[in-house]
Amino acid sequence: MTAAIDDKIQSHATAKGFTLTSACWMVVGTFMGLLGATELMAPDLTENIGWLVFGRIRPVHINIVLFGFVTPGLLGAAFYYVPRLLRTEIYSEKLGVVTVIAWNVALVAVVISLCMGYTQGREYAELIWPIDIMVVIAFALVFINLVMTVKNRQEPVLYVSVWYVLAGVILTATTYSLGNVIWRPNSGALVGIPDAILLWFYGHNVFGLLLTPLAAGVTYYVIPRVCRAPLYSHTLSLVGFWALLVVYTHIGTHHLLQVPVPTWLKVIAIVDSIAMVIPVMAFLINIWFTARGKLGEIHADIGGKFVFTGTIMYFFVSIQGSMMALPDVQRVTHFNNWVVGHAHIGVLGFAGMITLGGIYYVLPYITRKPLYSRFLADLQYWLVLIGMVGFTVVLTIAGLIQGNAWLNGEVVYRILPEIHPYYVTRAALGLMVFVSALIGLFNILATLFFNTREAAS
Amino acid sequence: MYFPYFISYITVGFAISLVVLIWAIKTGQFKNQQRARFLPLTEELNVSAPKTSRFNRLETYALFLLAIAGLGASAAVLIAALLHGK
């Protein structure tokens, strides 16, 4: 009851700021993805426009989707649910707003610097040193705000969502620093094989120790509330949490199985990739058993619907990920479009879906108004779902064509005409996802600023 | 020389994890797990539950079918890779 009374005087400025950040940058990120996909389909489209070439657009797409769309959306939800779960207020809304502003300044710098060609040239770690520092500071500010909220809590027990969000934020700040070699500002890199090992330690952990914990935190909060049922097992959720931290940190080297890194490191990466089944199934069994018999309720709530779909995609992408770490499978699937399909299931299907679910779930609470349009949110859901499943199908087929052809000794360029139809389809699906981002932005803006209706109590 | 960075990271990581674990045990984070299950529900649900429909349920089953189809396709790739990938 206390929380409900307090809720009326809280501004939720930080949650609103991160939510709006996510919605705006989803438009930019998906547009960059669409542009990149169009360039693969029609390479001369941006001929002689240096700042729009594929090599610059792709890192903008990846970094903006990662740090502009998914992470702020999940943090927006976290800044709502963490104080609720701890029966207190957020430590400092002012600090939160400053963080949101700093975050957006960093994102603008990301787009400008990458389009101008300033890059470290390392996949997923392209950002130059000054922006690296801005990113680390932004995560540190989020951590300070959340950990001080924990310190001021009235609820003695930390619910598993709080564990996940705290771990996700601090682990990312540290692995980001290490992976971007911030102690070497000029290059942002080590030399040779150690750099590759370090890069993929970071490259995989930025998904496993940022998106996964933040998305799990949202899921553990939203699903019991939508179902109006307690979590199936809190003990199991903590087992999954600690197992994720222990297992996930070792698997980055499975991207380097065909590279001369030490064999023991490859073995660890493969074994732990398979062992990922433990935290993944601990999480999914817990969520699905909580939702048992409540599927209708989940799909009646737009937030729950997005989040639950994200858990199904998590199941799929995790099994696929473990499988891909097997050397015999990887010989066919690695370095081609299969991996791109896998990444889209993970980031858009799992983390992206849960991000949108988290936003739509908390919006009525932080604005104290109903969602502007349930129809538009449903439309966005189906556009994202169809786009994402379509990506999976066409990129998997294109990847298998490439992989098998290369194994048979065929050269890269002779395969391109064969996969061209799939690139065309991929661009069309990208257009659907971009349109969904525009719809989502309108719906969220309308809910925040133009909706005059009051929430039903 | 890159080992010092790795070793310091691992050492700091272990130290922080250990401190957090000890703090968690001391503050009873692993006790009373039954009560912890209900924590998301202790706050009032001030938005009324949306109405469910048969279509909502069917939609969920369709999603499961989609996931199973995807898993089936992945399994086919796995088997094909193991049989013909050499």
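Predicted model: local features only at pLDDT ≥ 70, side-chain atom pairs only at ≥ 80, totals over all residues.
Colleague: Then what pattern does chain B follow along the sequence?

Modeller: Chain B reads α-α-α along its sequence. Its secondary structure comes to three helices and zero strands.

Colleague: How much of chain B is buried?

Modeller: Of the 86 residues in chain B, 23% are buried. The chain exposes about 5900 Å², with carbon and sulfur atoms supplying 73% of that area.

Colleague: Turning to the partner chain, how many residues of chain B are in contact with chain A?

Modeller: On the chain B side there are 46 residues, and they are in contact with 72 residues of chain A.

Colleague: And what area do the two chains bury between them?

Modeller: Chain B and chain A bury about 5400 Å² between them, and 69% of this lies on carbon and sulfur atoms. Within chain B, the residues that lose the most area to chain A are B:Y9, B:R37 and B:E43, which together account for 12% of what that side buries.

Colleague: How many salt bridges are counted between chain B and chain A?

Modeller: The count is one salt bridge. A:E155 pairs with B:R35, and their closest N and O atoms are 2.7 Å apart.

Colleague: What about polar contacts across that interface?

Modeller: Eight residue pairs are in polar contact there, with both residues at pLDDT 80 or more.

Colleague: Which elements of chain B give two or more residues to the side touching chain A?

Modeller: Those elements are α1 (3-26), α2 (33-36) and α3 (54-84) of chain B. The most comes from α3(B), with 16 residues. By residue type, the side of chain B that touches chain A divides into 28 nonpolar, ten polar and eight charged residues.

Colleague: A change of topic: where is A:H254?

Modeller: A:H254 is in the loop between α8 (234-248) and α9 (263-275) of chain A.

Colleague: Is A:H254 buried or exposed, and why?

Modeller: A:H254 counts as buried because its relative accessibility is 8%, and buried means under 20%.

Colleague: Which residues is A:H254 in contact with, leaving aside its neighbours within four places in sequence?

Modeller: A:H254 is in contact with A:H204, A:A269, A:S273, A:A325, A:Q330 and A:H334. With A:H204 there is also a polar contact of 3.4 Å between the two side chains.

How values were computed: Residues numbered from 1 in each chain as written. Chains lettered and ligands numbered in written order. Heavy atoms only, no water. Contact = heavy atoms within 4.5 Å. Buried area = accessible area lost by both parts, 1.4 Å probe. Salt bridge = Lys/Arg side-chain N within 4 Å of Asp/Glu carboxyl O. Polar contact = N/O pair within 3.5 Å; in protein donor to acceptor, adjacent residues only side chain to side chain. Helix = DSSP H or I, 4+ residues; strand = E, 2+ residues; numbered from the N terminus. Nonpolar A, V, L, I, M, F, W, Y, C, P; charged D, E, K, R; others polar. Buried < 20%, exposed > 50% of the residue type's maximum accessible area, 1.4 Å probe, protein only. Areas by Shrake-Rupley, 256 points an atom, 1.4 Å probe, with all protein chains shown as cover.
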